[in-house]
Amino acid sequence: MSAPETAPRPLPPALAGLRGGLRTIWTHRKARIGLIVLGLFVVLAVLAPWIAPYDPKDNSFGRSLAGSAQHWLGTTAAGEDVLSQLIHGARISLLVGFGAGGISTIISVVIGLCWGYVRGLPGEVINFVVNLFLVIPGLPLMIVVATYLSDGGISVIIAVIAITGWAWGARVLRSQTASLRGRDFVEAARFSGERAPRIIFREILPNMTSLIAGGFFGAATAAILAEAGLEYLGLGDSTIVSWGTMLYWAQNSNALLTGQWALLFAPGLCIALLATSLTLINFGIDGISNPRLREGSTGR
Amino acid sequence: MTGTETTTGPRDTPGGEAPLLSVRDLSVVYEPVGATPTRAVKDVSFDVGRGEFLGLVGESGSGKSTLGFAITALARPPARIEGGRILFGDVDIASMDHEQLRTQRQGGFAMVLQAGMNTLNPVRTIRQHFGDIFAAHRHVAPARREARAAELVRRVSLGPEVLDRYPFELSGGMRQRVTIALALSLEPQLMVFDEPTTALDVLVQHAVMDTIRALQAEEGFTAILISHDLGVVLESAHRVLVMREGRIVEDAPSADILHRPQHEYTRMLLSHFADPRAEHVSLPGIEAPEPAADGPDGPDAPAADGPDGPDAPAADGPDAPAADAAAADAPAADGPGRRRPGAGLELRVEGVTKSFAPPRRRAAGVLAVDDVSFTLAPGGATALVGQSGSGKSTLAKMITGVEKPTAGTIHLGSTSIGPLRGRALRELRRTVQMVFQDPYSALNPLSTVEYTLTRALANLTDLRGPALRRRMLELLETVGLTPVEQYAAKLPHQLSGGQRQRVVIARALAADPQVIIADEPVSMLDVSLRAGVLALLRDLRERTGMSLLYITHDLLSARLITDDILVLHEGRVVEQGPTAQVMRHPRDEYTIRLLEAIPDPARVHGA
């Protein structure tokens with residue numbers, strides 16, 4: 001028996017779902033603004049060497065200059081161009097945001113799903129470990145670890161943020177897994193002879209894509225803020241150019257007292273904008289996971 | 001849609017006065033954001049006279065609930081009343097604002113919802129619920145409120161002690177009665193019941209419907225009963241509206257609907273309705289096995305044969321071919337095909353007991369299954385009947401090795417199922433398979449039919465590559481989903497409930513199992529799709545020689561596809577024997593109650 005019509009095979013459902021998801025996010029007004037802002041930052045980061053007017057570490061300019069045609073945002077106390085630093089700083093923030101956000105999401109997915117699926121003693125053990133990470137205050141832990149591993153560069157920052165940031169996501173995913181686990185199709189997969197790992201990652205996981213995506217953007221936002229915080233406290237590598245180190249040096253050189261508001265204001269605004277864009281995207285993702293949250297779908 | 005327009009004129013209402021509710025050219029549209037709008041109710045017109053009991057029947061998606069919500073002004077976005085008028089007395093409901101609506105709830109119209117028992121506030125007692133209503137509307141003097149609340153709960157056949165209870169201390173049926181009493185407390189002129197008993201157990205359903213009928217007769221309020229169950233509606237209502245795809249296709253007194261249905265759709269619905277106690281039972285495309293010569297015919301009503309019009313049109317859509325095939329295949333003279341030679345293993349359940357640990361310390365443990373024994377012969381079909389909580393699903397879980405019995409043994413051939421774990425348990429899946437109750441949750445929404453079936457085949461058989469795919473397509477053909485290539489590529493949401501259940505059945509068949517356990521396989525399906533799935537199950541059993549354990553609370557379907565029956569009550573087997581014989585001459589009091597709970601319009605409207 002041959003196929004009656006050989007229509008082009010439709011997209012695999014996972015891909016079709018992704019495309020539908022992207023379309024839903026795009027139709028959401030706030031999320032679209034978020035995507036555009038994020039896109040601008042990504043373009044800035046990727047093209048930084050070509051867009052930035054000077055090398056960010058070139059300190060051959062006058063010190064603490066006010067804004068001018070040569071230096072739109074002025075120069076730092078060390079004589080570097082602020083605009084160039086700002087543009088290059090986007091690279092670090094995005095790298096840390098997506099790197100640490102991604103790693104902590106992967107950890108929370110693996111741990112959260114297994115935790116939600118298993119019963120009995122293994123579940124209790126995971127529960128204990130996750131609770132341990134939840135009760136330890138995040139920022140002090142971050143500071144301790146970052147101080148301990150200081151001068152490891154940006155990868156240490158990423159690792160620290162990822163290690164301290166996955167536990168909440170794991171909890172959320174665990175409860176969703178536990179509820180999906182009770183659905184008949186999971187039981188049916190067991191009846192089809194599927195083994196646990198495949199049930200967890202092939203049957204259950206795709207049904208919470210939007211939750212995971214939401215968790216990822218949330219974790220990325222937290223990571224960007226945490227990175228800026230650590231750098232601002234001088235706990236990172238203060239020789240790299242990032243928005244956090246810009247704030248750190250601006251504070252050190254009393255930029256506000258010298259009237260160089262742009263030195264504090266510009267990196268602060270960029271951090272806020274980037275974090276806002278990710279949060280806006282998350283509104284759109286909420287619309288996928290819970291259609292009731294789609295704008296205008298209810299009259300109340 | 002013949003006859004629709006002719007039935008919309010003003011009707012004679014009891015007493016000849018103006019109708020209480022008058023709906024004219026009502027259209028309701030759903031406008032979700034980013035999706036195409038759907039018109040759920042299309043130009044519907046009807047009148048309801050004062051004191052009338054009106055039934056509204058339709059299958060899922062017919063727009064009956066949407067209509068119910070619209071006439072009680074509970075329609076919420078994305079639903080919108082697109083056009084038409086709903087006159088209650090001489091006020092147009094559609095134009096009322098929130099405050100007007102709120103005040104008119106007293107002495108106006110009230111609604112009892114499908115999941116009404118879940119609408120009670122869990123942290124407030126029933127007395128406080130009544131108090132809230134009296135305080136909001138002030139129609140009962142404070143001194144009289146206590147007495148009035150007690151009287152209202154008495155009206156719905158509850159004792160005054162429930163007033164001190166919290167909702168979670170009451171059973172589902174009691175809570176539904178409380179919501180009815182709460183609705184009554186406003187002395188409404190019109191009560192709309194939206195599937196008031198669907199979420200309840202069979203016996204409770206019957207009792208709650210009795211209460212509703214008695215109340216309506218005593219209090220004389222006007223009632224609209226919305227239900228998918230034609231039997232319930234015909235038994236209760238004076239007049240019935242049949243709805244299909246947003247339109248009213250028939251509007252006639254109940255007796256006329258029962259005996260002289262005009263529209264073909266009404267006839268189709270009626271044809272899927274039969275009395276399992278009758279001597280011959282048949283639905284379109286499927287006929288019950290003839291009862292063995294079991295002595296004298298009991299004193300059963302021959303009238304019950306009335307509704308099964310044998311020449312009624314069969315279910316349309318892709319369910320039809322299989323139904324026809326089954327009808328053609330069924331060897332009528334040959335008996336039900338039991339004890340087929342060469343069939344596989346016998347399932348033996350001996351003295352099985354299952355108790356669950358108490359939820360709290362010092363609470364009593366739950367004895368879900370209590371000393372049950374039976375044998376399922378190779379190729380046989382046994383029904384396991386009982387209301388929820390009777391232990392039938394727990395029994396199924398133990399047979400499939402999901403739960404371990406506390407005492408007793410279960411054998412399949414020479415294998416004991418109880419101690420199986422891990423690999424051995426996976427081996428068991430080749431011989432014992434399960435058809436799940438809810439086809440909407442039994443398929444992974446993100447997997448194509450092909451993937452679902454392929455995985456089962458890859459895990460449970462040695463087939464690989466092209467042979468596997470061939471077998472996958474063969475399975476689809478077996479369950480009547482043709483053209484197979486097209487169905488293979490579909491996702492669950494592109495299929496109807498009946499088609500999904502066929503996929504679920506195909507998956508269960510992947511490894512050519514010897515025993516299939518079907519847990520309420522048709523309870524979530526529309527009536528018109530049930531017969532097709534039942535016929536498929538029966539046909540498969542006859543062709544493959546597998547045995548079938550059919551778990552249900554629906555006696556009609558049990559009668560149609562099984563040979564033997566076990567009636568379970570509180571974990572114990574209270575009656576067991578050949579299905580036809582048990583239904584026609586039940587001996588146990590519980591079986592008799594179950595049978596009597598089946599709505600029987602003929603009892604009300606004569607033959």
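**Rings and backbone**

Author: Start with B:Glu245, found in the loop between β9 (239–244) and β10 (247–253) of chain B; helices (H or I, at least four residues) and strands (E, at least two) are DSSP runs, numbered from the N terminus. B:Glu245 has a positive phi of about 50° although it is not a glycine. This is a predicted model: local features need pLDDT of at least 70, side-chain atom pairs count only at pLDDT 80 or more, and totals for chains, interfaces and linings use all residues. Residues are numbered from 1 along each chain as its sequence is written, chains are lettered from A and ligands numbered from 1 in the order in which they are written, and side-chain values use heavy atoms, with hydrogens and water left out.

Reader: Which peptide bond is cis?

Author: The one joining B:Thr482 and B:Pro483, with omega at about 0°.

Reader: How many aromatic pairs are there over all chains?

Author: A pair of aromatic rings is described by the distance of the centres and the angle of the planes. Rings of Phe, Tyr and Trp (its six-membered ring) pair if their centres lie within 6.5 Å; planes under 30 degrees apart are stacked, over 60 edge-to-face, the rest tilted. The structure holds 10 such pairs over all chains. One of them, A:Phe41 with A:Trp243, is edge-to-face at 5.6 Å and 65°. Helix α2 (residues 29–46) of chain A carries A:Phe41 and helix α12 (residues 243–252) carries A:Trp243, 202 residues apart.

Reader: Is A:Trp243 buried or exposed?

Author: A:Trp243 is buried, at 0% relative accessible area (buried is under 20%, exposed over 50%, partly exposed in between; 1.4 Å probe, protein chains only).
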